[in-house]
Amino acid sequence: MARPFRQLEPWAGKQLTKTRFLPFVRVIETVKVKVPDVQSRRVKRVDLHHSIGGAFDAAFNAKCCQQVAHKCGFSSTQIASQFNECIDQGGLRCQRFGKRLRRIFIWPNNSFYNHGVHQNQSMSEEVLVNQIQTWARELGFSQIGIAGVDLSSAEPGLSAWLAAGFHGDMHYMAAHGLKRARPAELIPGTVSIITARMDYLPASTPDDWQAVEFSRLARPTEAVVSSYARGRDYHKVMRSRLQKLGEKIATHVQPLGHRAFTDSAPVLEAELALRSGQGWRGKHTLVLNREAGSMFFLGEIYIDIALPPSSPITPHCGSCTACIDVCPTQAIIAPHKLDARRCISYLTIEHVGPIPLELRPLMGNRIYGCDDCQLACPWNKFAQRSALPDFDERQGLTGQQLVTLFDWTEDEFLKHTEGSAIRRIGHERWLRNIAVAMGNALHINDDAQIRSALENRSKTASDLLLEHINWALDQ
């Protein structure tokens, strides 16, 4: 444990030749801090000046202090605070402030996984953001935004959603608690977050794609896979390109701490997208954009330098309730409120056990995910096509008959889903989902081929799959 501040031993270092100013913040001197088991490090001591009634804005001063640190050569930093009378018992901690805070200490931070190489080149914040947007477009991203780290206003909604149990089997949603709404706790030292949006409709998507997709649901023996999962796994595509973007930024600024995320960590992606101007929250809880609808992926890069946040977008759903009305399982229980336990995407992807009996007939022929709320949304007539071949539909997943997919062995499943997001559910759940769809098809028309496929698979089925096969045969 690092020592409290009152035990720090200042070093009578060389006074800075040029005092650097930011609002309410001034670098005074260089000191040396001794930390147990760590070599002494030179740090900057920064005094805070409160000229308006002693007012103190923690978030504002934190940002200002980070900016001072970068101007003084500490691009990847941690901040610790010292109080006039009492010392925080936690010692050298990041982002601890109070009304009686007098000074902070700034020192190099090793909390980020990736660090850029120092360059003599410098850019203004606005120029840097514009340059990031250019680099992002070259990497296939559709839009870039900047968000701050204060998501405290989102915490009550997240807590209420978890308390209601709407996350179902997604225990990872609750495991990290409110860390999702506290980026600086997830990655200490985070000051700004770059958000990225990437359109995913294949280049060959027809203009009337929404009607085409709805028509698939009217063919009960045809398997329907959600549009986003028909190409390459977006986690792989987005993460690698976000990493490249982070590395590109790191070669043009001072040492940069950065880490990329794509639906792979406790991150409030939609909230960050809203705050960074990517769009607004639709009544189906997805992010909507006036120029792109909702058919896009989201990703983030946490960085340890301060960038100006993007302006948020006002909502444009009006009185429309198309997404709520079309939901097959009534999972959207109110505008902006989703009970994931009823959502077909959750049931076919996240849920690991038996699918609730009352929801099986409502799933139709959807075997992986569900696009209904997006298909019904008027804004998706503006959905954009992706220029990346990664999201082109792969053969064998679109327009296939249920019996064909149900006949796949595990080796065939792994072969056909290599590099696909579908592989994560495994062969057993894949067959479970198809068995439900086959049961729904039998309910409409007694198909001998479907019945025979179910009976053949029942001879070697696991207990979970057998229960769904027997249900299907009873329809």
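Helices (H or I, at least four residues) and strands (E, at least two) are DSSP runs, numbered from the N terminus. With that definition in place, I turn to the structure before us.

This is a predicted model, in which local features need pLDDT of at least 70 and side-chain atom pairs count only at pLDDT 80 or more, while totals for chains, interfaces and linings use all residues. Residues are numbered from 1 along each chain as its sequence is written, and side-chain values use heavy atoms, with hydrogens and water left out.

I begin with the aromatic rings. Rings of Phe, Tyr and Trp (its six-membered ring) pair if their centres lie within 6.5 Å; planes under 30 degrees apart count as stacked, over 60 as edge-to-face and the rest as tilted. By this rule, a search of the whole structure finds eleven aromatic pairs.

One of them joins Tyr200 and Phe297: the planes stand at 25° with the centres 4.4 Å apart, so this pair is stacked. Tyr200 belongs to the loop between strand S8 (192–199) and helix H6 (209–216), and Phe297 to strand S13 (residues 296–303), so the pair ties together parts that are 97 residues apart in sequence. Are these two residues buried or exposed? Buried means under 20% relative accessible area, exposed over 50%, and partly exposed in between (1.4 Å probe, protein chains only). Tyr200 is buried because its relative accessibility is 5%, and Phe297 is buried at 6%.

A further pair, Tyr228 with Tyr368, is tilted, with 45° between the planes and 6.4 Å from centre to centre. Tyr228 lies in the loop between strand S9 (224–225) and helix H7 (234–250), whereas Tyr368 lies in strand S16 (residues 366–368), so parts 140 residues apart in sequence are tied together. Tyr368 is buried, at a relative accessible area of 1%.

Which residues make up the aromatic cluster? Tyr200, Tyr228, Tyr234, Phe297, Tyr368 and Phe391 form one cluster.

Next come charges over rings, where NZ of Lys or CZ of Arg must be within 6 Å of the ring centre and within 35 degrees of the ring normal. Arg197 lies over the face of Phe296, 5.0 Å from the ring centre. Arg457 has its charged end over the ring of Phe406, at 5.5 Å from the centre.

Finally, I consider helix H16 (residues 463–473), which contains His468. His468 is buried, with 0% relative accessibility. Leaving aside residues up to four places away in sequence, His468 touches Pro354, Ile355, Arg360, Arg432, Ala435 and Val436, where contact means heavy atoms within 4.5 Å. Asn470 also lies in helix H16, but Asn470 is partly exposed, at 38% relative accessibility.
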